[in-house]
Amino acid sequence: MTLIRDMCYPTPRELALAARALVDEHPALARLRRIGASRAGEPLWLLSVGSATAAATAATGATKAPNVLVVAGAHANEPVGGATALALARHLIREPSAAAAWHFLLCADPDGAALHRTPRPYSLLDYHRNFFRPPGPEQPEWAPSLLPPDRLPPETLALTRLIDELRPALQVSLHGTDLGGSWVQLTRDIPGLAEPFGKSAAALHIPVETSASDASGWPSPGAGIFVMPEPGTTADGPFHPEDTRLSTWYHAHRHAGTTAIVEVPMWASDLVDDPAPHPDPRTALRILAGRLTADAAQVAALREDAADGTDPAAAALLRAVDWTLALIPRITAEWTGPGAPAEATAAYIGSIDAFGRRLSLRAAAMLLRVLRAQGQPTAPAADRLVTGWCEEFSNRFQARWVPVATQVEHQSRVVLAAYDRLVAAGR
C-alpha cells in the first residue's frame, strides 16, 4: 500500500466515525462493535474486517480462519496507531483474503487520548504543549504487570476478554516514539521479520533503533528486532518497573498466539542507528545519569507549587508526573551500577540519552499544564524548562519530522510482514 499525502492524527471519535463509514460502505466485509467502555464511559470500538463469513462470525469468535488482533492507542501520547489501523482495514477491504479475520481495537485508552491533544505537532515543543501519558497502572496493556486482578481498569479487562474471545494467532500493538528510530518487540521470535522490516525502514528513510533502551539486554535476531523474555524466566528489561511478562502482550500466549509491538518515530534521528563502538560507555552513562538527576530535581521543586485539588484532569496529570519522577532514581542507579556495560555502540548511548531526556521533559510538560491551569506563579519557570529542553533535544538529535503518512505506511508494512512471516513459519 502507498499513502501519498500527509494527514493528521485522528481522535478516538474521528476513528469511530471513519470506521462506521467504512462499514456502511462495505457491509459484507466489515463490522463495528462496542467491546466495553473506559473509566469515563467512553466506548471501546472494535472494527473487524475479513471475508463475509469471517466478518459475520467475528462477534462470536466462531470463525475458522485465524484471527489477527491489532491494538491502537494503548499509550495516549502515541497517536499514530489509530491512523494505521484504519489504513490497514481499508487495504484489507481492497485486497481481501480468506486466510484470516482482522480485528482493530481503534483506541485502547480514549480517556488518555482526550488529555493528549496533538492532531499534527509542528515541533517537539508543539507536541509537548498538551502532552499526557498516564502512569503505568493506568495504561491498559501495562496494568496487569503492576496491579492485582481485582484492581485492573475496565480498558484492560475489555482487552483481555477480547483476546480470550478471538484467540489471536497474532496480536500487534501499535506504538510510536517521539524522537528516534523504529524497532519491533516480539513475545516470540518471528523468523525472517528483520528483512522486510529493514527494507521498509530504508525505503522510507526511517532509522532503525538497533539498541532500543526499551529492549536493553533482550535477544536481537536482526537489526531493530528484539525478543522479550519468556514467561517463567528472570531476565527482564532493566528500565521497566513493570514485569513485561505480565502485560496483555503475553495474554495471547494462553492461546498459542504471538504479540508484536511495532514502534515508529514522529521525529527521526540517525544517532540511534549508529553501529560504531562508543569510546567510553560507562563515563557517558554516568554523565547522562547526573543530568537526568539534576533535571528531575528541577521538576520536583516546581511540583511542590502544584495544588492537588479535585479537578480530574489536573489529578491525572499530577499522578503521571509523580509516577515519572519516582522512576528516575531506579533508572539512574541502573546506569551507574555494576551492570553498566563496558562496551556499547554509539546507537545504544544515543537511545539512552533520548530516553533520559524524554522522562524529565514529559514530567515538566505535564506539570506545566497544571501550573498554568491553576495560575501558579511558577508556571513561567516550568515553561522555560519545557521550551529549552525541547530545543536541546531536537538540536542534539538533529530531529527531522516523519510525515504521518510515512509513519502509517511503515507500521502497515511491518504488520502485514509479521503476519506473512508468522504464516510462513507454520504458526
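## Confidence in the model

The structure is a predicted model, and its chain averages a pLDDT of 92, with 92% of the residues scoring at least 70. Over residues 1–5, however, the pLDDT is below 50, although this stretch has 14 contacts in the model beyond near neighbours in sequence. Residues 52–63 also stay under 50 in pLDDT, and for them the model has 21 contacts beyond four places in sequence. Where pLDDT is low, the predicted coordinates should not be read in detail.

## The hairpin of β1 and β2

Strand β1, residues 30–37, runs antiparallel to strand β2, residues 43–49, and seven bridges join the two. One of the residues to look for here is R33, whose bridge partner in β2 is L46. Five residues lie between the strands of this hairpin, in which G41 takes a positive phi near 90 degrees.

## Helix α8 and what covers it

Helix α8 has 23 residues, 281–303, which at 1.5 Å a residue should span 33 Å; the C-alpha atoms at its ends are 32 Å apart, and so the two values agree.

Helix α10 contains R357, which counts as buried because its relative accessibility is 15%, under the cut-off of 20%. Leaving aside neighbours within four places in sequence, R357 is in contact with R291, E392, F393, R396 and F397.

Conventions
Residues numbered from 1 in each chain as written. Predicted model: local features only at pLDDT ≥ 70, side-chain atom pairs only at ≥ 80, totals over all residues. Heavy atoms only, no water. Pairing = 2+ DSSP bridges. Helix = DSSP H or I, 4+ residues; strand = E, 2+ residues; numbered from the N terminus. pLDDT = per-residue confidence, 0-100. Contact = heavy atoms within 4.5 Å. Expected span 1.5 Å × (residues − 1). Buried < 20%, exposed > 50% of the residue type's maximum accessible area, 1.4 Å probe, protein only.
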